[in-house]
Amino acid sequence: MSMKTNDKEQLANTTERLPNAAEQPMNATGQPVNVAGQSANVAEQPMNATGQLSDAEGRLPNAEEQFPNTARPKSGVTERLPRVGNGYDVHRLAPDLPFFLGGIRLEHPLGCVAHSDGDCLIHALCDALLGALALGDIGKHYPDTSDRYKGVDSKALLKTTYDLVRKAGYRLGNADCIVCLQSPKIAHLIPKMSSLLAHILEVAEECVSIKATTGERIGFVGREEGIAVYVTVLLWPCRVKGEG
Ligand SMILES: [Zn+2]
């Protein structure tokens, strides 16, 4: 009985070495795709007991094989695996201050008390990116005691932070952000914020999720005394920007 074309393709896939992440083309949501644009089926990829991708012989590729052109992670880590980071920021609200959030200015009688422009969403995002690579927090990199950062546009801080991520051999997979704010309502501004942040982070808009919730009129958020933002990011290993 002759073999169907699909069977032949499947057989070829089982004997060939799996492509590394840097070689794999991605679709708009950051998923690896084959040359025909189809996402790889996870069930087809061999894994070891801890769920890490291995080659056909069950051997895990080492860091040099996987990412020959990337910088080594610090502290003796030999495997370059995806990394997650959490970020949190809070600002007090006060009258007659500009209110920047997600890179845009909101029309509101209150604004954030801050040394910089007070963009709580971008600060939490920077914190998550730094945390994913164990690079400390935003206060360490951009101290609020420095005149250099007085009134600074937080979009510039995000760009500088993301450059650190790219130089470490990672790129953003996706970010999920929760803005806790009683007023004003920001739902209609979320697409613009996502687009703006995704542009700085060099990903598609659907890779930057922003959700808004009120404080149900309780706590410092509910009493409109402040704003809080939580962010989780997934970073994916890749070639260092500007190399190979
Ligand atoms: Zn802040």
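1. Two strands are taken to pair if DSSP finds at least two bridges between them. On that basis, in this predicted model, strand E1 (residues 83-95) is joined to E7 by 10 bridges, and the two run antiparallel. Val84 has Leu234 as its bridge partner in E7.

2. E1 also pairs with strand E4 (residues 110-112), through 3 bridges and again antiparallel. Here the bridge partner of Pro95 is Leu110 in E4.

3. Helix H3 spans residues 120-132, 13 residues in total. The distance from its first C-alpha to its last is 18 Å, close to the 18 Å expected at 1.5 Å a residue. H3 is mostly covered, with 13 of its 13 residues buried. Just after H3, Ala134 adopts a positive phi of about 55°.

4. The largest nonpolar core contains 44 residues. Leu121, Leu125, Leu129, Ala175, Cys177 and Val229 have the most contacts inside this core. Elements giving two or more residues to the core include H3, helix H5 (154-167), strand E5 (170-180) and strand E7 (226-237). H3 supplies the largest share, 10 residues. In soluble globular proteins, nonpolar side chains tend to be buried together.

5. Which residues is Ala175 in contact with, leaving aside its neighbours within four places in sequence? The contacts of Ala175 are Leu125, Ala128, Cys207, Val208, Ser209, Val231 and Val233. Ala175 is also one of the residues with the most contacts inside the largest nonpolar core.

How values were computed:
Residues are numbered from 1 along each chain as its sequence is written. This is a predicted model: local features need pLDDT of at least 70, side-chain atom pairs count only at pLDDT 80 or more; totals for chains, interfaces and linings use all residues. Helices (H or I, at least four residues) and strands (E, at least two) are DSSP runs, numbered from the N terminus. The expected span of a helix is 1.5 Å times one less than its number of residues. A residue is buried if 20 or more other C-beta atoms lie within 10 Å of its own, exposed if 12 or fewer, and partly exposed in between; C-beta atoms are placed from the backbone. A nonpolar core is a set of buried Ala, Val, Leu, Ile, Met, Phe, Trp, Tyr and Cys residues joined through C-beta atoms within 7 Å. Two residues are in contact if their C-beta atoms, placed from the backbone, lie within 7 Å.
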